[in-house]
Amino acid sequence: MRTDRSLQAHFATREQQAEAAQLGMWVFLTTEVLLFAPLFVTYFYFRLSFHTEFHEAGAHVDALLGTLMTLTLVTSSLFAALAVGAARHGRARAVAPLILVAALLGVAFLVMHGAEYAEHARAGILPGRWYAFDEVPEQGGNLFFTLYYLTTGLHMFHVAVGVSIFAVLAWRAFRGSYSAAYHTPIELGALYWHLVDMLWLFIYPMYYLVR
Amino acid sequence: MAEPMRRVSNRAYLLAWIGLVALTALTYALAHVPLGGWSLAIALMIAAAKAIVVMLIFMHLLEQAGGRRLAMPAGLVFVGLLMALSLLDLATRWPPTAPPGGSASEDATGGAPEGPTAE
């Protein structure tokens, strides 16, 4: 991994190399949006078809917890952005703790999500054929919660990946691998984290605020 | 060659965060106001505003130049088109051409398909 510090032969300058890496990341992030888009379309379609059931089902998702989770991710994004700022200005010592805080907030998000899943599972709110919740009609209610598990599950997976990336970045930052001249991994890791945050900003009103 | 790069400052990060928290609080508050069919549309518009703040400030779209400035917005335009046109198709179908509403839960309910509830 040491080699990526140096300038590759096919780039003229270090800046050009960093910019190419950023462009690649932006294109990748766009494909991530494409990955979530069908889940969003499915949601809107079935919300049109099962309007009443979706509202009944939505009332069983904790809006306050969802809001807390949103604030956690947004705050985590702030720390990721501050870490990038610190790396750019060569404040290498500050980078590792800032990234670590961002990662820990990500872990807090996962814990809250886990607790929420557990509570739903106890009530019989499970996806697909395991659905056993009497308070909302099976038709529509099952769809809502299956989509809820699919969408938030896929998002949760992305959060877990982001936390792992941040753990590695924090360790490498702690070891002094990054400087004002070379910190592309921090920039790219933060970009990924912000996209995961952005996706959640849309998931939050779709599943947590349906009343 | 390249114009001097404007850097987003820590102050901008903090202001963006305050804005995001405020908009989240607003979304939560509006969820308790009966707005009927508009509630989701308004909540999603606030989400879009938040996403734009995240992209411009946290993701430094403000300071990008050339292709990097265009990649994400252009991608979003096309994803938006795909989603809008798919939904336009689905929303304007009349019942006989719509897939049976219960197709996903047919097995569990003994296969009694009801059409999607009108509205």
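Modeller: The side chains of Glu63(B) and Arg88(A) form a salt bridge, with N and O 2.6 Å apart. A salt bridge here is a side-chain nitrogen of Lys or Arg within 4 Å of a carboxyl oxygen of Asp or Glu.
Modeller: This is a predicted model, in which local features need pLDDT of at least 70 and side-chain atom pairs count only at pLDDT 80 or more, while totals for chains, interfaces and linings use all residues. Residues are numbered from 1 along each chain as its sequence is written, chains are lettered from A and ligands numbered from 1 in the order in which they are written, and side-chain values use heavy atoms, leaving out hydrogens and water.

Colleague: Which parts of the chains do Glu63(B) and Arg88(A) come from?
Modeller: The pair crosses between chains: Glu63(B) is in the loop between α2 (38-58) and α3 (67-91) of chain B, and Arg88(A) is in helix α3 of chain A. Helices are DSSP runs (H or I, at least four residues), numbered from the N terminus.

Colleague: Are Glu63(B) and Arg88(A) buried or exposed?
Modeller: Both Glu63(B) and Arg88(A) are buried, where buried means under 20% relative accessible area, exposed over 50% and partly exposed in between (1.4 Å probe, protein chains only).

Colleague: With which residue of chain B does Glu63(B) form a salt bridge?
Modeller: Glu63(B) pairs with Arg7(B), the closest N and O atoms being 3.3 Å apart. Arg7(B) lies in the segment before α1 (10-30) of chain B and Glu63(B) in the loop between α2 and α3, so this pair ties together parts that are 56 residues apart in sequence. Arg7(B) is partly exposed, at 46% relative accessibility. Salt bridges with shared partners join Arg88(A), Glu187(A), Arg7(B) and Glu63(B) into one network.

Colleague: How does Glu187(A) pair with Arg88(A)?
Modeller: Their side chains meet in a salt bridge of 2.7 Å, N to O.

Colleague: Changing topic, how many residues are in contact between chain B and chain A?
Modeller: In chain B, 53 residues are in contact with 51 residues of chain A, contact meaning heavy atoms within 4.5 Å.

Colleague: Which element gives the most to the side of chain B that touches chain A?
Modeller: That is α3(B), with 13 residues.

Colleague: And how many salt bridges are there between chain B and chain A?
Modeller: The count between these chains is 2.

Key. Helix = DSSP H or I, 4+ residues; strand = E, 2+ residues; numbered from the N terminus.
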